[in-house]
Amino acid sequence: MARNDTRILSVKELNRYIKSLLEGEPRLQDVWVRGEISNFTHHSSGHMYFTLKDADGRLKSIMFASYNQRLGFMPKEGTRVIARGNISVYERDGAYQFYITHMQPDGIGSLYLAYEQLKKKLEAEGLFAAERKKPIPRFPRAIGVITSPTGAAVRDIIITLQRRFPSVPVLLYPVLVQGAQAAPSIVKAIEAMNRLGEADVLIVGRGGGSLEELWAFNEEAVARSIAGSAIPVISAVGHETDFTIADFVADLRAATPTAAAELAVPSRAELLQRLASQTQRLHRGLRQQLRRQEERLARLRRSPLLMNPRRQLLQEPAQRLDRLAEQLGYRMRQQLARAAERRMKLDRKLSAFNPAEQAAFARHRLDAGQRRLLAAMQGLTRGKKQEWQAAVRHLDALSPLKVMQRGYSLAYDESERKLIRSVHEAQIGDVVKIRLQDGRLNCHVWGMEENRNGEEGDGN
């Protein structure tokens with residue numbers, strides 16, 4: 001019974017997790033394996049499926065078509081090989097496999113491994129970078145050739161150089177190109193050529209051969225010597241399909257020694273052909289230029305200036321001067337008339353701004369304004385006076401004294417601060433002050449009588 005807190009994985013999820021673990025292990029992403037091929041199948045898709053085995057184990061392997069197309073041999077059952085690749089899991093079957101990217105027969109596997117390691121090292125140092133490569137001179141004064149004096153490569157190089165550019169000197173520095181002493185011999189030759197400084201280009205190489213025979217050009221000392229050469233180096237090692245460390249570090253790689261000679265110097269025949277073509281173009285250009293100059297000279301001879309110089313140089317300029325003088329007088333008169341008209345306009349504008357006229361106009365406006373102000377003040381005074389008289393008449397009509405003249409009076413308490421409006425506001429014995437039109441009465445209340453049923457009292 002699974003615990004509640006345990007996540008149950010599908011088979012696919014588990015296989016994928018194991019695959020991520022294997023692919024996340026750096027040591028399993030670049031592995032070299034030695035073994036014998038068994039169960040070899042070259043699928044119609046181009047992929048190769050097989051097993052690498054030794055006495056104690058087996059390893060399922062696959063090499064995809066994009067990689068095995070570059071193999072220099074055809075694997076088969078029982079072939080011992082050294083393979084390079086990475087370990088991963090094929091999720092569908094849950095089986096780990098060796099995915100191969102490079103493979104060599106075991107006999108030369110150690111050399112190939114050393115080749116790959118040195119290549120990676122020098123590339124990391126920047127010795128293969130394009131920006132550090134030196135250009136090959138277009139017309140070298142001398143060619144240095146570093147190769148075996150007895151091989152076919154030196155004959156091909158010299159024959160090609162003489163055919164393409166016979167005048168260029170060839171400086172041969174004989175070296176060993178195979179065996180344990182080949183690398184020191186090549187390094188010594190490159191250093192000597194640089195020390196002498198007589199060659200403008202160095203061709204370093206040999207004819208074709210096996211990996212072991214070409215190994216001197218995969219040595220680190222040779223590679224560093226080529227990289228450190230002040231003279232541009234063309235590598236010419238083996239055939240077109242052969243690649244060595246010297247090819248990567250050289251300033252220019254040639255597929256064959258013959259191709260190196262062709263890259264080192266231009267073709268004399270091609271140069272002569274180009275020179276002849278340029279000469280013909282130059283002659284055509286000169287003839288065309290001469291023809292244009294002759295036509296120009298003919299036009300000048302027919303020109304009126306040369307046929308009648310007095311008329312062109314004296315008479316016509318005199319007429320042109322007279323016309324210019326007339327135009328000048330006419331334009332001056334026009335400018336004077338425009339200036340006079342402009343002055344009259346300015347005088348009219350200036351008269352409008354005369355201080356005396358402006359003062360008279362201002363006085364006229366002031367008088368008119370004073371008259372309007374006086375009339376407005378008088379009208380306002382009359383209106384206010386009429387409003388005051390009406391208010392006085394209205395106030396007089398509402399005055400209590402006017403009411404008292406008609407026989408009415410006002411009753412106050414003893415302090416004369418409170419007006420008595422109802423019999424309930426006084427008591428028997430209170431002192432009541434009666435205000436009449438012409439004075440006051442001080443009275444005592446001896447009795448009271450309240451109006452009944454809305455009737456008015458008799459005043460007792």
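This is a predicted model: local features need pLDDT of at least 70, side-chain atom pairs count only at pLDDT 80 or more; totals for chains, interfaces and linings use all residues.
Visitor: What makes Met63 buried?

Guide: Buried means under 20% relative accessible area. Met63 has a relative accessible area of 0%, so the term applies.

Visitor: Where does Met63 sit, and what is the separation from Ile100?

Guide: Met63 is in strand E3, residues 57-63. The C-alpha atoms of Met63 and Ile100 are separated by 5.0 Å. Along the chain, the two are 37 residues apart.

Visitor: Why is strand E4 called largely enclosed?

Guide: Strand E4 covers residues 80-90. Of its 11 residues, 9 are buried, so the rest of the structure largely encloses E4.

Visitor: How do you know that E4 pairs with E1, and in which sense?

Guide: Pairing needs at least two bridges. E1 and E4 have 6 bridges, so they count as paired, and the sense is antiparallel. One of the contacts sets Val31 against its bridge partner Gly85 in E4.

Visitor: How do you know that E4 pairs with E5 as well?

Guide: E4 and strand E5 (residues 95-105) have 10 bridges, so they pair, in the antiparallel sense. Ile82 has Gln104 in E5 as its bridge partner. The two strands form a hairpin with 4 residues between them. In that turn, Gly94 has a positive phi of about 65 degrees.

Visitor: What makes E1 and E2 a pair?

Guide: E1 and strand E2 (residues 48-54) share 5 bridges and at least two are needed, so they pair; they run antiparallel. Thr41 stands opposite Tyr49 in E2. The hairpin of E1 and E2 has 5 residues between the strands. There, Gly46 takes a positive phi near 100 degrees.

Visitor: How do E2 and E3 pair?

Guide: They pair in the antiparallel sense over 7 bridges. Leu52 has Leu59 in E3 as its bridge partner. E2 and E3 also form a hairpin, with 2 residues between them.

Visitor: What is the strand order in the parallel sheet?

Guide: It is an open sheet of 5 strands, ordered E7-E6-E8-E9-E10 with parallel pairing.

Visitor: What makes E7 and E10 edge strands?

Guide: Strand E7 (170-174) and strand E10 (252-253) each pair on one side only.

Visitor: How do you know that E8 and E9 pair?

Guide: Strand E8 (residues 201-206) and strand E9 (residues 233-237) have 5 bridges, against a cut-off of at least two, so they count as paired in the parallel sense. Ile203 stands opposite Ile234 in E9.

Visitor: Why does one side of E11 and of E13 lack a neighbour in the sheet?

Guide: The sheet is open, with 3 strands in the order E11-E12-E13 and antiparallel pairing. Strand E11 (410-412) and strand E13 (439-444) stand at the edges with a single partner strand each, so one side of each is left without a neighbour. On average, neighbouring strands of this sheet are turned by 25 degrees against each other, direction ignored. Strand E12 (residues 431-436) joins E13 through 6 antiparallel bridges. Leu436 has Gly439 in E13 as its bridge partner.

Visitor: How do you know that the charge of Arg253 sits over the ring of Phe243?

Guide: CZ of Arg must be within 6 Å of the ring centre, and within 35 degrees of the ring normal. The charged end of Arg253 lies 3.9 Å from the centre of the Phe243 ring, and is listed as sitting over that ring. Phe243 also belongs to one aromatic cluster with Phe128 and Phe248. The structure holds 4 aromatic pairs.

Visitor: Where does UniProt place the coiled-coil region, and what is the span made of?

Guide: The unreviewed UniProt entry places this feature at residues 276-303. In the model, the span is 93% helix and 0% strand. Its end C-alpha atoms lie 40 Å apart.

Visitor: What are the domains, and what separates domain 2 from domain 3?

Guide: The domain assignment gives domain 1 (11-106), domain 2 (110-266) and domain 3 (409-445). The C-alpha centres of domain 2 and domain 3 lie 147 Å apart.

Key: Residues are numbered from 1 along each chain as its sequence is written. Side-chain values use heavy atoms; hydrogens and water are left out. Rings of Phe, Tyr and Trp (its six-membered ring) pair if their centres lie within 6.5 Å; planes under 30 degrees apart count as stacked, over 60 as edge-to-face and the rest as tilted. Buried means under 20% relative accessible area, exposed over 50%, partly exposed in between (1.4 Å probe, protein chains only). Axes are lines fitted to C-alpha atoms, for helices over the stretch in contact, and angles run from 0 to 180 degrees between N-to-C directions. UniProt positions are given in the numbering used here, feature names are shortened, and annotations may be inferred rather than shown by experiment. Domain bounds come from an automatic or database domain assignment.
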